[in-house]
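Please read this briefing alongside the sequence and the 3D view.

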Amino acid sequence: MSRGPCAVPWPWPSPGSPGLYTGHPAAILVAAPTAQNVAMLDARGDYRARLGILLTLTLVLSLSALTGTIGGNHVLTATLLMGVFGLLAGVWRHLSGDYGPNFALTSGLLYFLALTSPGDWAHAGTLFLATGLAGLVGIVIQLSGWFVRPQHPLRYAVAETWVAASDLITAMRRENDDGQPIVSDIGEKEGALRSTVDRTLQAITATAHQPGLAQHFDDTAQLAARVATRTTALYSALEAIESRPGFAAISPTVDSTLRSLVNALRSAAVTIITHRPGQFIALQVRLRRAADLLQVLDARLAALSPADAELAQVRHMLAQLTALLPQVRTNLQETVDHGEPQAGFALRLPELGGMSMRALGAWLNPSAQLDWTLVRYTLRVTVVLMFAVAIYKGFDIPRGHWIGFTSLVVLQPDYGATRQKLGQRLLGTFTGSILASLLLWLKLPVAGAIFGASVMAFCFAYFVRRRYWLAIFFVTIMIVLMGEASSSVHLDLPIARSLSNLAGGVLALVAALLFWPQWEQEQSPQILATALRTNRAYLEAVAAHFRRGERFIGSAVLTKRAAERANSQASASLQRLVSEPARVQRGEQRNLERIATLTTYNQRLTRAIGVLAQHLNPNAGSPIPSLEAPTEKIAQRLESLAQSLETGQRPAPIPPLDIPTPTGPTTDHVLIYRQLRKIITEIDALALAEETKPDSPE
């Protein structure tokens, strides 16, 4: 098939096809993906804020289609405008971590699609209008879901914190309900819970209407975090006695207890969303079962060795967790009281707040300082996209717009994520192309092709956040079926798309490897040092609360959140480090193992401090000033380790720390000092891992 300079690398609708009813068949190129992406956007917050976000996305996509149509007439203008979109991709990511990547990808997609149909201002206006109308269709689809399944925006957000807490507890189980082993990913789930709680509290803070209800939701979200924290403390205490004789006999009881807690927390999430008395009754039953199993577990632990201090620590954590369950019941009872039982479909959407700039702008949360990793990414993606467009338009490559779009999708701020994205996209594209090629031989009728494309679109939307390669598999088939529905297509469509995806992916990978890379092995020591210092601040805050006889509130809670957030960043850094190419790592396998060990030990240190913090509330009103001196020594050792990571020098030898228990202590004081010694043990392990650095390469 011959193509002129402005030929469209897409199967045009044949006479009599649905695309010609409007008189503008090119509108198919931009309308379908616009409606799909707007309808798929996971908008959060107040309903009016959600509507504002969706309208903003629709306007951005309409302008992208208009710009691509006008700029596509010349290679130079198309390339320069692509540079503008590359810069905007970084700006979107800076303005909003939640919606920025989606805005960048969808606006880039519409620009690339519009490049395939260049024209004058009248044609551009037509595509602008088609994109806007398609966006409104996507908004209507989202609105219809809100009416059929009404969700109070903050209720849904708060419920997510309970689901995230239940996911964390699920990760503590050793096997699932079918008896299959569970791969422990506690660190990942802790980070997910922290992110969810932070996002929820930010949404609550941005809402000024109904302060009493907002305070209730704040308390409810914090309660989910406390349940997760105390369960984590219990899990850490249980790890210390796993090797004891007789523990294997009570291990099934531990698993049953954790499973009952998971069910109770998920039931709490459903109760928060529906606020129905029937759901609350089910929650009460599950809370009662969890409390009973905690009591059974306590009795079996007491039978092992009543005088054992380690077992006393576990039983203390059990008591702390058990005491929290009645608070869950009371809080969720208030949730039911705050709402009215719903019968059938709601006649109106529940309101939370008025139209305010604060509520509408809550989704914009740019960081206070520029992230230089993001700046590098922005420059890198701008250069790559301009090069891809220049090649596509300059050589008139059939369906070459997929080269640039694949580069935009695959190219990530770090090399490891780029390589992973490339592998998933190529796998999905090539496997989807094989099946799509077979479907072309069937010569499906128009109705069958449209139905099949709709099914593939549903599968893409379902899997895009679960199995990315599978989502690409379905969207590849969808594109072929859409082309078959509008005109007769041949094998050149899946083949050309596969080759363009391969070219774009390789271009992105080369760019991540050569254009201003920022290798993780240079950053990971600093990230780990920051995590150690947040643990030091966490420990100092807990010790200060003990010294004043205060509860686990205020600075102790804030520093705990900071420590968990720093742990999540350290874990993400380790994953990026593992994905870096071997030539960059220079064969330093021992260095990689050292970073992985330090990251794990630091997470264990956070949990050990969390166990210590659980003793604050029972000792409220009884100051313990004797903790100040040992805590200061521990803090000094943590600072020494952090400085060693930053400078690359071996830490100065520090004599072993010994914390004697004061004379005449209470039972609680004995447990507190035993936990301090466990913290010192974790720090000793950290120091040993840091001191055994790999030798520098010759």
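In which helix is M82 found? In this predicted model, M82 belongs to helix α3, which covers residues 75–95.

- M82 has a relative accessibility of 0%, and because buried means under 20%, M82 counts as buried.
- Leaving aside residues up to four places away in sequence, M82 touches Y111, F112, L385, M386 and V389.
- M82 and G404 are 322 residues apart along the chain, yet their C-alpha atoms are separated by 9.5 Å.

**The chain as a whole**
- The protein chain has 24 helices and zero strands.
- Of its 698 residues, 51% are buried.
- Considering contacts between residues at least 6 apart in sequence, 82% join residues at least 24 apart.

**The loop between α13 and α14**
- Helix α13 spans 372–395 and helix α14 spans 401–410, with D396 in the loop between them.
- R399 is also placed in the loop between α13 and α14.
- D396 is not a glycine, but its phi is positive, at about 50°.
- R399 likewise has a positive phi, near 55°, in a residue other than glycine.
- D396 counts as partly exposed, at 26% relative accessibility, whereas R399 is buried, with a relative accessible area of 4%.

Definitions and conventions:
Residues are numbered from 1 along each chain as its sequence is written. This is a predicted model: local features need pLDDT of at least 70, side-chain atom pairs count only at pLDDT 80 or more; totals for chains, interfaces and linings use all residues. Side-chain values use heavy atoms; hydrogens and water are left out. Helices (H or I, at least four residues) and strands (E, at least two) are DSSP runs, numbered from the N terminus. Buried means under 20% relative accessible area, exposed over 50%, partly exposed in between (1.4 Å probe, protein chains only). Contact means heavy atoms within 4.5 Å.
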